[in-house]
Amino acid sequence: MKLKPRTLAMILAGGRVDDLTVLTFHRPKSAVPFGGFTRVIDFPLSNLMNSGLDRVAILSQYRSYSLINHIGIGEAWDMIGRYRGISILPPYIGYGHSQWYRGSSDAVYQNLDFVEYINPEQLLILSGDHIYRMDYRELINYHREKDADLTMACIKVPRREAHRFGLADIDDEDGETGGRVVRYREKPDNPEYNWASLTVFCFKPEVLYQVLESNIKEDASYEFGRDIIPRMMNENRRVFGYKFRGYWGYTRTIEEYWQTNMDLLGPDPKIKFADWGVRTNLEHRGIRDCQPLKIGDNARISDSLIYNGCIIEGDVERSILFPGTRVEKGAKVKDSVLFFKNVVGKEAMLDKVISDVNTTFGRGVRINTEGKPGPKEASVIGWNNFIKANTIIGSGCTVYPSLPSEKIPKQVESGEVIR
Amino acid sequence: MSSREDTLVLLLAGGVGTRLNILVKTRAKPAVPFAGLYRIIDFSLSNVMNSGMKHVGVLTQYKPLSLMRHLATGEAWDFTGRSRGVKILPPSTGFRDSDWYKGTADAIRQNLNFVRAHPSKEILILSGDHIYQMDLDAMIEFHRQKNADITIGMMVVPESQIHQFGAGITNDEGRIVEWEEKPKVARTNLASMGIYVFNYEYLMQLLTEDKEIVDFGMHLVPKAISRDSVFAYPFEGYWRDVGTIQAYWEANMDLLKDDPEISPEAWGIRPNLESEQLLADRIPARLAAGSKVKRSMISAGCVIEGEVVNSVLSPGVIVGPGCSIRDSIILHDCIIEEGATVDLAIMDKRARIGKGAVIGSGDNKNIPNSKYPGHLYTGITLIGKEADIPPGTVIGRNCIINPWCKQNCFTDNAVQDGATI
């Protein structure tokens, strides 16, 4: 009989990720919309739900409102019940204590009383920032089988990109499944091995408590990748790597974010979205009040994902449209990701544009449509903007959120940032 | 506890809706899906929600299971909370006077316990069968201003249709002075929409003192107009009783018009996304390269590779490459395999059309269904729930393929116009 949860999952959802520019001005990375109806954090949350893990805490610090609003009572992920629930843990002031989270491991450290109260057999620590599907039970089973102090999920990445990650050298103790981590380096300049950490950590709680204590006492930095794992390696703890071979979307740059969205499209998409069982909170932004997608007589749509509540009268190609977006007659939207309630006016043309919530493109606006064929940089438009008719915006541009429309010039050169 | 100032809502959802044929084989009429995401009853429930009423009893009788699942806790329509609630009221035995509901008034009479437990100023009685948007609060306001005993929602219909309705003749101030239930000869064009506001005490008294009253339109209203104050509340706008296959199809097609008169989203209509088809688990509609979709409504979870024109698709419908879908209503999770054609058809949930099959073939739209000539006579072919049409089968006009007809039900690869399988 298993009544009380044996695993507590904590999701690190506090980070902003500067490279996502205007998309994270008003929300943490984990609350960024993705794939036509979800938010990034829906992926780890749905993974947890589908893995039968339903005691969850979310560590949140940066602009939490959008995230808190999104999580609601956790019902969307079936996480309400006697021992089921999602707790949001923001930074707090207490007796003799008043501190922002100084890093990912400090966020956990500051909430150790919560962890001890739940008293789990293992503590699963996840990032809320990545697009992937994983059955965490396999990792937890491996962790228990090895009686590990820490088991971390890793994925093989190309050598040239490896310097961006925490890297593990995993021996072949258990072949395809995983093995002992024999060396670990956080974002090394010259990588010698290339199993990158996914920020999916399964800890033995007693060991983590000790390591966190000494980290707080002795170090000046409090990050799992930079401090906690190297410390455990030094202390010769039992650290294991679990080899993950599925799709993983890191989405830390605009280009990666765009590409991960595009990986939902095509005849044989890399992300088999319908099979992933991702759920979102349909109350958030009124998704559940939307009627089905409406397509007009002159619409031409190809290779796109479009959610309920959209109205399409123009052309849409290789794009992802969130609820409530309208594409008017003669407009063309290509290779773009348009968040909730965008309006693309008549004859407007968007090519590789990522546009945040509530932005209107006036008649004849052209964004990123000039230039040579071939790969180009996305232009990113912040939320609540009105782009006046016939404005021309180049490639790789950024428009800050909620600008008065006269602040956006009629012609914006490639690479310009309008603030 | 409800406040005396509140209005108690009783929603009659027991209708069989026989003329909807196989669409009501497994469900009551109010539970029939509509406009892709919705069920018919969502329109009444959402009107109640948007009018701010908090207590609803839903009277069921015929095949209530899918309706009960759909209503669940009522959370979708904001009926949960300390002072809110929606209750299913099925017929029950074991008490004196308890039996199957014999009529609208009888149904209310058998639930007087529920009504007594929710004392209120008025009782609003609605049907769960209609597609419309209405501010019911404004109607209550009208009722109070007129100091009426009964107020009946009424609308103007063509005289040729008045024989289907309760018909009222009003005087200058809107008071109903004459009433005919389903008149053969039209003397007025003012038709009852089946929406009644009663003063609470007044209805309680009428129902308890006169056991002969079984139906509102047949017994109660004719009796009341002679001695009490009965008013007509005029309604203007889109209102449809989608009780026939033809009306159901037309109302769905009305969604696709330019500047449509009917728009569930603009009307504030809410479906229950968490009920059985789990819209919550559906990803956005995928329109593949090579798909061609015009003038249609497509729900989340659909995958379209072929052509869809002038059609309404519920969640999870798969249209394979080279298919052609026209003028059709396709419910949840139907699969239309490569190269198949569906022309002027209504497909119930999870039906499958095999490769290259043709549904709605030929031009004999005027050969009615031989078994149900009154149901299918304009060319619409019905495909039942979970029916499985073998590849290459050619099905004519006005045909009925019953639910769960598997491939072995088809002895021939052609189904003639008007035939039933």
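**Close-up 1. E261(B) sits in a loop of chain B.** In this predicted model, the loop in question runs between α8 (245-254) and β14 (285-287) of chain B. Is E261(B) buried or exposed? It counts as exposed, because 12 other C-beta atoms lie within 10 Å, and a residue with 12 or fewer falls in the exposed class. Setting aside neighbours within four places in sequence, E261(B) is in contact with Y238(B) and D254(B). Now look for G243(B): it is 18 residues from E261(B) in sequence, and the two are 19 Å apart in space, C-alpha to C-alpha.

**Close-up 2. Strand β13 of chain A is largely enclosed.** Why is that? Of the 9 residues in this strand (residues 195-203), 9 are buried, so the rest of the structure largely encloses it. Strand β10 (residues 150-156) of chain A is joined to β13(A) by 6 bridges, and the two run antiparallel; here L150(A) stands opposite F203(A). Strand β8 (residues 122-127) of chain A also runs antiparallel to β13(A), with 4 bridges between them, and L124(A) has C202(A) as its bridge partner. Then there is strand β11 (residues 166-170) of chain A, which pairs with β13(A) in the antiparallel sense over 2 bridges.

**Close-up 3. L59(A) belongs to the largest nonpolar core.** This core has 262 residues, and L59(A) is one of those with the most contacts inside it, along with I11(A), I125(A) and C154(A). Which residues does L59(A) touch, once neighbours within four places in sequence are left out? Its contacts include M10(A), I11(A), L12(A), A13(A) and G14(A). L89(A), Y101(A), A107(A) and N111(A) are in contact with L59(A) as well.

Close-up 4. For a parallel example, find β19 (residues 311-312) and β22 (residues 326-327) of chain A, joined by 2 bridges. There, I311(A) stands opposite R326(A).

Definitions and conventions: Residues numbered from 1 in each chain as written. Chains lettered and ligands numbered in written order. Predicted model: local features only at pLDDT ≥ 70, side-chain atom pairs only at ≥ 80, totals over all residues. Core = buried A, V, L, I, M, F, W, Y, C linked by C-beta atoms within 7 Å. Buried ≥ 20, exposed ≤ 12 C-beta atoms within 10 Å, placed from the backbone. Contact = placed C-beta atoms within 7 Å. Pairing = 2+ DSSP bridges.
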